[in-house]
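Please keep the sequence and the structure in view while reading.

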Amino acid sequence: MDNKGSNQSRAGGFPPAPSVAVVGASCRLPGGVDSVTSLWQLLCEGRDAVAQAPSSRWDPVELASVQEESTRDVTWCGGFLDGDVGAFDAEAFGIAPREADLIDPQHRLLLEVAWEACEHAGMPTEGLAGTAAGVFVGMCNPDYAAYAHWLPAGGGPYFVTGNQFGPAAGRLSHLLGLRGPSLTVDTSCSSGLVAAHLACQSLRVGECDIALAGAVNLLLSPRVLTAYNELGVLSPTGRCHSFDEAADGYVRAEGCAVLVLKRLEDAQRDGDRILAVLRGTAVNHDGKTSRFTKPSGQAQQEVFRSALAAAGADPAQVGMIEAHGTGTSAGDPIEFASLSGVYGTGWGRCALGSVKSNIGHTEAAAGLVGLLKAILAVQHGMVPASLHFRRWPRAIDPDGTRLFVPTSTEPWPVKDGPRIAAVCSYGVGGTNAHALVEEPPPAAVSDSSRADSRPLHTFLLSAKCAPALEASSLRLAEWLIGPGAASPLPDVAHTLALRRSHAGERLAVLARSREELVDRLHAYADGKPVPGMVSDFARGPAGRAPVWVFSGHGSQWPGMGRDLLERDPVFAQTVAELDPLIAAESGFSPLGLMRSGAEVSRVDQVQPMIFAMQVGLANTLRSYGVEPAAVVGHSMGEVAAAVVAGALSLSDGARVICRRSLLCVADAEAGTGAMAAVELDHLRVQEEISGATDVDVSVLAAPQSTVIGGGTAEVRRLVNEWDARGIPARMVAVDFASHCRLTRPLADALAASLHDLRPGRPDVPFYSTVLEDPRAEPAFDATYWADNLRCRVRAVNAAAALAEDGYRVFQEISPRPVATHPLVQTLDAVADVAVLGTLRAGQDQELGLRSAVAALHCVGYPVQWQRWYSDGALADVPATEWQRHHHMIELRGRPTAAGAAGIIPINDPTPAPTGDVLAEIWAATPGPNRRVLLEHHMSAQLRAVLRLRSRRVDPHTRFSDLGLDSLRAVELRGLLQESLEVTIPVAALWSHPTIHSFSAHLDELLDAARHAEQEQEEA
């Protein structure tokens, strides 16, 4: 049977395969290329990125020794990546530095580039976790493993998992939580394109819905380079002269490329940006040739035809061929003959070139880099130049074909039909791969192209550590006035909010113009606080939702709410609904008063106005998608809290606040009562005022801050006495005294006036500052509101209960913050608490309220940004800013016995704590306070074990996500047992897998150990 006929029949016997869309890509290549944008720039400019090996890469003495051993002259040039090839941001990926030292830098580079490719695709990586996304990786060079014999025990267990090819794909799937196929393929120089073919096949048969196809190659061993030279394939002139008469071999190169792939119909359904379409791919083998490394022209033509059949494409329609084109005198003529036999005829010219002429031969990554060049060419409709071409060699006859080598960037040569390019890649072992790439379908026009009705936008940045966040802010600022100057700001905001992952360290910048945004980004990097800029770190999941704190009297200021009436329809509607209710009760229009911007001083106007502001702010925040985890109110603030919690209707809330404040008018006008704040705890204050007949403790504001209320003369006398003794004390700016014996008659009258209330049960947990048990659910009836006016405000008790119940984010809902400082004092001993505000006096109120939402995002609350930015387009904002450190076996000569066993030593950034830690822990009050100390101690020990430099250690982050493995767990256990003098089972670290949960377990172990010790002493 004729094999050629069989292959042709097989190629044409199947219907075209479903197309695959390329929706994202990234790369790291010679010449400073770190993105698809910079790659296209290099290609269009016709730059040559081949150079001598960096002087820091290898030891000159070793190079001389290797040259002496060689039978051929060695040219130490190639396509090398810029910077430190061993640099890696281990902390960003939760890899312990000690493990990172022993992981092949190719694996590590792949992680970074794959992350960047997901960002380029607009796919937040947390959204991929748990999905059947596949990972297909091409690799072929084991240079790093060659150094294992320098290390004790062959490098140990980390070297095994860090240097086999399979874990390159497996680690990426593991870190992203992907459940689909995950494999590394080695077909030598065709590995990358074969990986892309396997990814396409997996998508077509439904094994996965998203696939990452990547390939990587690094030149780490001069001896391996010499071995290639001995094979006779390297160019003595140090350049790839693809299809040129000067072709004398190729130069080796480094690089990494990753594509994000989806089925075309899925990408169109999901609204993805499509860079290009993979119409068809194919793979075959040369079979038996005259010698193992000689390519087969027949096999090459067969793989071309198979790919064309899979694509359902006419070869005459192909306008560009990205050839293997290594520049060898034997390989180029064979490839040209194969290509001309399939693509040589047609109705337009067809460009023939190779990216190897720009950057060298990236070997395992070569096919994928060539594919990426073709993707960019069909996308832009231009064919980049192939460098170092002067004239055809005698072994190649282009006459009668349509093939030509472009020597400058040219328009697409085929004018009719969609732009299609072909990509070739061949492995030294005989595995051939071919792909057909088509221009993307027309993209839908984004709604963001319309006139922007919301000029104030929020721009979000994040990183795993604070230095990286600062660097990201500068990088974005530079991009906005450089490559991204034409990107609409709504698209930038959309991309940063919805198309990027949000790491722990967070920054939100609000701006109405590009200039304002750039200025504020620079201000953050310079450490200058400015309005419209918020930064913080995300708390653990249990504490992210905010407790809304409705503060009491005193937050009013002239002009409050006026801007919001004009700019926010929900706020305006809320005030409009309250206006007739308050007017009927109190005889004035809060809507009119707000619009006027007049100063408000009468108590019967101040309290209803604050109430209207608080309810309006809460409703507006809810319209933004923010919901409270719990509510608490101080004094009159409990009325708004009850309305927001659903315990009182809007009309009942208006009745309570208006009737309450009207009853206080007479006392305010008489001036018989006053209040004062003193920096003493309430028990001490109770002793100090025991001789006073008309003064009471009114507010437990903070552990060391108490407010008293009573007769004006007596309150002033106490303040003067405290001042004389050096105790900070001040009069509070109120017209009457509440929460003391003077208000008992008013409270009775209030109870009588509220007989018509119809309270309900709250929909949101309500913590009372009136009841002795803050967790007890109030009746919200007339009696409760009388007690609210009469009884002391137990703000400290409520805040402590909230903290004990796990709440960590507190947001004051008020026109300006008055409860924030006391809250900070009360919660000072609680780890990772955030106390936020909403508005500030005199500020741009729209900016302030949107900043309050941004602040919630920065502390970890999942703000529903799609409410603002669902209709934006994907913008090519800068990728993640890595904070890299050197992790590598020393390549510059053999290490000495004293030289850290071949690893460049890195000092532990956080030494293990010293001193009597156990005594400090036992001195603390048992319970939450002691657990906070245990958390701090364990965090320090964990940082020492994992050699963490700058990453914040969140007590709720899983140990495995921080890079703790079984080896380091044993070390951590030993440090904790030694410092705490307690026996800890190793399994406990995995059954209590966070600092927070393990510290609670340690607390129990310490208690058990102490009880056992006491029982032994008693016995």
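The side chain of R252 lies over the face of Y228, at 4.1 Å from the ring centre; a charge sits over a ring if NZ of Lys or CZ of Arg is within 6 Å of the ring centre and within 35 degrees of the ring normal. The model is predicted, so local features need pLDDT of at least 70 and side-chain atom pairs count only at pLDDT 80 or more, while totals for chains, interfaces and linings use all residues. Residues are numbered from 1 along each chain as its sequence is written, and side-chain values use heavy atoms, with hydrogens and water left out.

**Charges and aromatic rings**

- The charged end of R349 is placed over the ring of F404, 3.7 Å from its centre.
- A search of the whole structure finds 18 aromatic pairs; rings of Phe, Tyr and Trp (its six-membered ring) pair if their centres lie within 6.5 Å, and planes under 30 degrees apart count as stacked, over 60 as edge-to-face and the rest as tilted.
- The ring centres of F93 and W115 are 6.1 Å apart and the planes stand at 90 degrees, so this pair is edge-to-face.
- This pair links distant parts of the chain, 22 residues apart: F93 belongs to the loop between β4 (87–88) and α4 (97–102), and W115 to helix α5.
- Helices (H or I, at least four residues) and strands (E, at least two) are DSSP runs, numbered from the N terminus.
- Both F93 and W115 are buried, where buried means under 20% relative accessible area, exposed over 50%, and partly exposed in between (1.4 Å probe, protein chains only).
- Ring pairs join F88, F93, W115 and W882 into a cluster.

**Helices**

- Helix α5 (residues 105–120) has 16 residues and reaches 22 Å from its first C-alpha to its last, close to the 22 Å expected at 1.5 Å a residue; the expected span is 1.5 Å times one less than the number of residues.
- In α5, 16 of the 16 residues are buried, so the helix is largely enclosed by the rest of the structure.
- D104 caps the N-terminal end of α5, with a side-chain oxygen 2.9 Å from the backbone nitrogen of Q106.
- After α5 comes G122, whose phi is positive, near 70 degrees.
- Helix α34 (residues 928–946) has 19 residues and should span 27 Å at 1.5 Å a residue; its end C-alpha atoms are 26 Å apart, which agrees.
- α34 is mostly covered, with 14 of its 19 residues buried.
- R947 follows α34 and has a positive phi, near 55 degrees.
- N788 lies in helix α28 (residues 782–790) and counts as buried, at 2% relative accessibility.
- From C-alpha to C-alpha, N788 and R622 are 26 Å apart in space, and they are 166 residues apart in sequence.

**Strand β10 and its partners**

- Five of the five residues of strand β10 (residues 318–322) are buried, so β10 is largely enclosed by the rest of the structure.
- β10 pairs in the parallel sense with strand β15 (residues 420–426) over four bridges; two strands pair if DSSP finds at least two bridges between them.
- Within this pairing, I321 stands opposite A422 in β15.
- β10 also runs parallel to strand β11 (residues 350–353), joined by three bridges, and E322 stands opposite G353 in β11.
- A right-handed β-α-β unit is made by β10, helix α12 (residues 331–343) and β11; right-handed means that, with the strands pointing away from the viewer, the path from the first strand over the helix to the second runs clockwise.

**Strand β9 and its partners**

- Eight of the ten residues of strand β9 (residues 276–285) are buried, so β9 is largely enclosed by the rest of the structure.
- Strand β1 (residues 20–28) runs antiparallel to β9, joined by three bridges, and A21 stands opposite V277 in β9.
- Strand β16 (residues 431–438) is also antiparallel to β9, joined by eight bridges; the bridge partner of N284 in β16 is N432.

**A five-stranded sheet**

- Five strands form an open sheet with parallel pairing, in the order β26-β21-β20-β27-β28.
- β26 (766–767) and β28 (834–836) stand at the edges, each with a single partner strand, so one side of each is left without a neighbour in the sheet.
- Strands β20 (residues 546–550) and β21 (residues 630–633) pair in the parallel sense over four bridges, and G633 in β21 is the bridge partner of F550.

Key: Polar contact = N/O pair within 3.5 Å; in protein donor to acceptor, adjacent residues only side chain to side chain.
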